[in-house]
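Reader: I have a structure to look at and some questions about how its parts are arranged. Could we go through them one by one?

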Amino acid sequence: MATRRYLWKGLILMHHIPGCDGQLSGLGREYEDTAEVPFRAHMEIPGMLRAIGGVAGLAVLDAGCGTGLYARMLARRGGSPVVGIAASAGMLATARGLEQREPLGIDHRVGDLTLAQGLSVNAVAACYLLPYARAEADLTAMCQSLATALRPGGRLVTAVINPDFSNDPQWYRAYGFSLTTAGQHAEGDPVVLSVAQAELIFEVTAYHGNRPTVESALWKAGFTEISWTRLQVSQEGVEGYGRAFWDNYLAGPHALIVVAQRAGDSA
């Protein structure tokens, strides 16, 4: 199969960027394949699942679900009901196709985050959702939509771009991607993540968000107990690649996990 190159911009925040759905419509399988990229397989995915914790019998939202990777993982862990929201009909077509092959009872919905406002869930997974807010007002609106979906005491778990990621474009190459920016880590600077793994080649443009800005948006939306966590390497990652392989990433990670709780006692 010939290698294809995709320009993949505005992954989640498509309700702010008209016309992006067309760019994403054919990328379902490619996005699904990123689960095999070393960083995702051995750091991001186990880190997100660990932060979310047990979901058996709990209502869960996968916000910006793409092809439904986390929605399926959480449904397999007993989450019920599980809802996945994404703005791209093309991405959701892949998610629904996977649901047909392995029925897990996931409710996939096409649309922007206003769809979350009618839900009542115990936990929200939002992997790389917040970095697609270009302005602080957009970020706050996004957080507010997620907060309204959560029951009091419910948990938001989201992966964000590390405000202090390495500016060396080769720093993350061994882990299946590179990260570049023309700015100086200023608020709103574009950040381009390029994946180049075998035949899987595409780019994603997100935006830099400083820690105080992210925390302010979460506080304004009604979240409390906000914590930032560095990712760790899974045992499989250590065994498969050796511990030294991960040293560069651990010294300057490109992503962190943020956990926040909606104010109020658990329902």
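Reader: How are H3 and H4 oriented to each other?

Author: This is a predicted model. Helix H3 (residues 38-52) packs with helix H4 (residues 69-76) at an angle of about 55°. Angles under 35 degrees count as roughly parallel and 65 to 115 as roughly perpendicular. H3 and H4 are therefore oblique.

Reader: How far apart are the axes of H3 and H4, and what is the handedness of the crossing?

Author: Two packed helices are described by the angle between their axes and the distance between the axes. For H3 and H4, the axes are 12 Å apart. The crossing of H3 and H4 is right-handed.

Reader: What covers the buried residues of H6?

Author: Helix H6 covers residues 136-149 and reaches 20 Å from its first C-alpha to its last, close to the 20 Å expected. Among its buried residues are Leu-139, Met-142, Cys-143 and Leu-146. What covers the buried residues of H6 includes strands S2, S5, S6, S10 and S11, and helix H7.

Reader: Is Glu-236 buried or exposed?

Author: Glu-236 lies in helix H8 (residues 235-241). Exposed means over 50% relative accessible area. Glu-236 has 52% relative accessibility, so Glu-236 counts as exposed.

Reader: How far apart in space are Glu-236 and His-42?

Author: In sequence, Glu-236 and His-42 are 194 residues apart. In space, C-alpha to C-alpha, the distance between Glu-236 and His-42 is 7.0 Å.

Reader: Are Tyr-128 and Glu-225 buried or exposed?

Author: Tyr-128, in the loop between S5 and H6, has a positive phi near 60°. Glu-225, in strand S10, has a positive phi near 50°. Buried means under 20% relative accessible area and exposed over 50%. At 15%, Tyr-128 is therefore buried, and at 56%, Glu-225 is exposed.

Notes: Residues numbered from 1 in each chain as written. Predicted model: local features only at pLDDT ≥ 70, side-chain atom pairs only at ≥ 80, totals over all residues. Heavy atoms only, no water. Helix = DSSP H or I, 4+ residues; strand = E, 2+ residues; numbered from the N terminus. Expected span 1.5 Å × (residues − 1). Buried < 20%, exposed > 50% of the residue type's maximum accessible area, 1.4 Å probe, protein only. Contact = heavy atoms within 4.5 Å. Axes fitted to C-alpha atoms, helices over the stretch in contact; angles between N-to-C directions. Parallel < 35°, antiparallel > 145°, perpendicular 65-115°, else oblique. Left-handed = near helix turned anticlockwise from the far one by under 90°.
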